[in-house]
Amino acid sequence: MPLRKDFLWGGATAANQCEGAFDEGGRGLANVDVIPHGPERWAVVSGNRRMFDFEDGYYYPAKQAIDFYHHYKEDIQLFAEMGFKTYRMSIAWSRIYPQGDEEQPNEEGLRFYEDVFKECRKAGIEPLVTITHFDCPMHLITAYGGWRNRKLVEFYKRLVTTLFTRYKGLVHYWLTFNEINVLLHGSFMGAGICFEEGEDRFRTLYTAAHHELIASAWAVKIGHEIDPENKIGCMLAAGSYYPYSCKPEDVFAAQRENHKNYFFIDVQSRGTYPGYALKEFERNHFEIPFEEGDQALLKENTVDFISFSYYSSRVASGDPAQNDGEGNMMKGVKNPYLEASQWGWQIDPLGLRITMNDLYDRYQKPLFIVENGLGAVDIPDENGEIDDDYRIAYLRAHIQAMKEAVEQDGIELLGYTTWGPIDLVSAGTGEMSKRYGFIYVDRDDQGQGTLKRSKKKSFDWYKKVIASNGEDLD
Ligand code: P53
């Protein structure tokens, strides 16, 4: 079976990496605004360096980003020209509830997204909306401690009720939390958590995880009640772990690493906490802060589909000395069989097919690839043209592997959205120079540039891929 006729081809962005206009339209300050570019970025992202406001001497790329806020018509027009069937984007929570805990939403924020969705619909593009993509109103962090606090479930429920009601009929595809497993590493970004001195980190992280999982189940419940047409998915930062060798200790290590990530999706898709997690909690003297009704809520409100990002596979070793990842999110052992991108991300198209099989075997629910792509430096030639053959090669190989997973392994797949169809700010590094786009944006790592958009060579290539429903990859 080839890809389905209504296969959702498109691209994916996140509010904090493209919108900018951080202080316009009544928007409140968010965690993502105060994450700087530069050497301290990771410490802030991971919750190890407290930066709750702008500080002198730092550059904050999310403030303006690529100014999608004022360019969205032009940008959506370009997506439409490529033939996008879907556009994955996210809502900035603090545009809708600037502080996070208000009773009434901010109409200007609601109107902005309504305009964006209408613009998509006019162009025949189905919006795919991430409810939270690494963002949290700053006030919910300073006054409540972020997702450590159960109160955030209530505020999130308020947010989703507002969104499902207001955008009923305009939006049918929703994701509850972007890369929910990232909260274990990028805790400030994924859960608004900055660690206190001496804090029991295990307890804090899995408490926050429980709260997000409960919030996610509420979103499924409320979304289905408001519009039974809604399809609501979870979102995993995927990329299966391979054992470094066939040594049983390596295989076991890979299985354990995979469990750390599957944990979230096991709860969201199967509706119960898996045994391996319960045992790990016991060993750490952690009790899940269940409240009355939580278990039934999780069980009765599992997701409709499994979405995930895939950039690379990963490797685990049973030998602790080998596992000396540098503390970033792609940590793990180097795979000697693979080439890497300019940022050291190893390139493994077959790994996408393997990951798809792993996820489909495990959950038996439709999959949706909502991020995939190559971050690379693009250098315009003397005519200003960008021949990004490296990007085309990466995407071609991954789309090929994805098709094989569908055609030869029988996997049900709803769609494929490349990360950053238009250049945007990197989540990991805060750089503009780590580019993923088919569309070039004239802006540099210090925020200089005209913001002018222009097409790269890959633009016409992707257009052809979509027009042929993935048959023509040349
Ligand atoms: P950047 C790390 C590992 C895997 C996925 O990442 C990740 C990250 C965070 O850096 O995040 C996703 O921009 C995320 C996007 C992000 C994209 O991958 O560091 O959902 O927000 O931009 C690519 O190259």
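**Entry 1: strand β1**

How many of the five residues of strand β1 are buried? I began with residues 8-12, and five of the five turned out to be buried, so I noted β1 as mostly covered. I reminded myself that I am working with a predicted model.

Next I looked at which way the side chains go. L8, G10 and A12 point one way from β1, while W9 and G11 point the other way. Both groups are buried.

Then I looked up the neighbours of β1. Strand β10 (residues 413-419) pairs with β1 in the parallel sense, over five bridges. In that pairing, L8 stands opposite G415 of β10. Strand β2 (residues 86-90) also runs parallel to β1, and three bridges join the two. Here I found G10 opposite T86 of β2.

**Entry 2: around the barrel**

I wanted to follow the strands from neighbour to neighbour. A reminder for myself: strands of a sheet pair through backbone hydrogen bonds, either parallel or antiparallel.

In what order do the eight strands close into a barrel? I wrote down β1-β2-β3-β4-β5-β7-β9-β10, with parallel pairing. From one strand to the next, the twist averages 25 degrees.

I also checked what lies on this sheet. Helix α14 (residues 389-407) packs on it and touches β1, β9 and β10. The direction of α14 makes about 170 degrees with that of β10.

Going on from β2, I came to strand β3 (residues 126-132), which pairs with β2 in the parallel sense over five bridges.

**Entry 3: strand β7**

Which strands did I find paired with β7? Strand β5 (residues 231-237) pairs with β7 in the parallel sense over five bridges. Strand β9 (residues 367-371) pairs with β7 in the parallel sense too, over four bridges.

S309 is the bridge partner of A237, and S309 has E371 as its bridge partner in β9.

**Entry 4: E371**

Is E371 buried or exposed? Its relative accessibility is 4%, and the cut-off for buried is under 20%, so E371 counts as buried.

What does the side chain of E371 make a polar contact with? I found the side chain of Y311, at 2.6 Å. Setting aside residues up to four places away in sequence, E371 touches a list of others, among them R88, H133, M235, S309 and W419.

I went to the segment after α15 (457-467), where N469 is found. N469 has a relative accessible area of 19%, which is under the 20% cut-off, so N469 is buried.

A polar contact of 2.9 Å joins the side chains of N469 and W9. Leaving out residues up to four places away in sequence, N469 touches L3, R4, K5, F7 and W9.

**Entry 5: I35 in a loop**

I35 lies in the loop between α1 (15-18) and α2 (41-45).

What does I35 touch, beyond residues up to four places away in sequence? My list reads R41, V44, V45, Y60, P61, F188 and M189. I also looked up I35 and F68: they are 33 residues apart in sequence and 19 Å apart in space, C-alpha to C-alpha.

F68 took me to a helix pair. Two packed helices are described by the angle between their axes and the distance between the axes.

Helix α3 (residues 68-81) and helix α5 (residues 107-122) pack at an angle of about 10 degrees, with axes 10 Å apart. Angles under 35 degrees count as roughly parallel, so I put α3 down as roughly parallel to α5.

Which residues make the contact? From α3 they are F68, Y69, Y72, K73 and I76, and from α5 they are F112, D115, V116, E119 and C120. Sorted by class, this contact has seven nonpolar, no polar and three charged residues.

Terms used. Residues are numbered from 1 along each chain as its sequence is written. This is a predicted model: local features need pLDDT of at least 70, side-chain atom pairs count only at pLDDT 80 or more; totals for chains, interfaces and linings use all residues. Side-chain values use heavy atoms; hydrogens and water are left out. Two strands pair if DSSP finds at least two bridges between them. Axes are lines fitted to C-alpha atoms, for helices over the stretch in contact, and angles run from 0 to 180 degrees between N-to-C directions. Angles under 35 degrees count as roughly parallel, over 145 as roughly antiparallel, 65 to 115 as roughly perpendicular and the rest as oblique. Contact means heavy atoms within 4.5 Å. Ala, Val, Leu, Ile, Met, Phe, Trp, Tyr, Cys and Pro count as nonpolar, Asp, Glu, Lys and Arg as charged, and the others, Gly among them, as polar. Buried means under 20% relative accessible area, exposed over 50%, partly exposed in between (1.4 Å probe, protein chains only). A polar contact is a pair of N or O atoms within 3.5 Å; within protein, one must be able to donate a hydrogen and the other to accept it, and residues adjacent in sequence count only if both atoms are side-chain atoms.
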